[in-house]
Amino acid sequence: LVDGDCNDNNAAVNPSATEVCNLIDDDCDGLIDEGVLLTFYADVDGDGFGDASSTTQACSAPVGYVSDNTDCNDNNAAVNPSATEVCNGIDDDCNGLSDDGLSFLNYYVDADGDGFGAGLATSSCNPIVGSVLVDGDCDDNIAAVNPSATEVCNGIDDDCANGIDDGL
């Protein structure tokens, strides 16, 4: 006869038993499932990736919880470690970088709509409304003045070749 058995009706429950995850104090130490519970992470957006800051311990994953804790935005199912990075200023794939691996181009404001821009370039992975990829407009307020215009005798540098009425 061994003293300390906490359940004489179950031979698997006794002071020398190994604790298993079953919501029972298998080893009669007064603790239930100690050392065998697993940590699960809340998956609010349902993308299969959990929030490392929202945990619970259980024998198996409760509804709304997963074993993966790598979601960087658990409020957006489109943002997770398996997502494809898209041009939106957000770290879609949870690697710590936004819009990484995408092609960026320099866009120049084209105020007069002639297809040539002026001023400082803005780098973007998406086209910018009112901007073009070609720089070099010497007067972005007059559509007839641009690098592809024909120089005419009018006292203006029509072709942006750094010369008024040059070649005429």
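**Reading the disulfides**

Biologist: Cysteine 87 is joined to cysteine 125 by a disulfide, S to S 1.7 Å. What is a disulfide?

Modeller: A disulfide is a pair of cysteine sulfur atoms within 2.5 Å. This is a predicted model, in which local features need pLDDT of at least 70 and side-chain atom pairs pLDDT 80 or more, while totals for chains, interfaces and linings use all residues. Residues are numbered from 1 along each chain as its sequence is written, and side-chain values use heavy atoms, without hydrogens or water. By the disulfide rule the count is five.

Biologist: Where do cysteine 87 and cysteine 125 lie?

Modeller: Strands are DSSP runs (E, at least two residues), numbered from the N terminus. Cysteine 87 is in the loop between β3 and β4 and cysteine 125 in the loop between β5 (118-124) and β6, so the pair ties together parts 38 residues apart in sequence. With 85° about the S-S bond, this link is right-handed.

Biologist: Which hand has the disulfide of cysteine 6 and cysteine 28?

Modeller: The torsion about their S-S bond is about -75°, so this disulfide is left-handed. The sulfur atoms of cysteine 6 and cysteine 28 are 2.1 Å apart.

Biologist: Is cysteine 28 buried or exposed?

Modeller: Buried means under 20% relative accessible area, exposed over 50%, partly exposed in between (1.4 Å probe, protein chains only). Cysteine 28 is buried, at 18%, whereas cysteine 6 is partly exposed, at 43%.

Biologist: Which cysteine is in no disulfide?

Modeller: Cysteine 153 is in none; the nearest cysteine sulfur, that of cysteine 138, is 16 Å away. Cysteine 153 counts as exposed, at 68% relative accessibility.

Key
Helix = DSSP H or I, 4+ residues; strand = E, 2+ residues; numbered from the N terminus.
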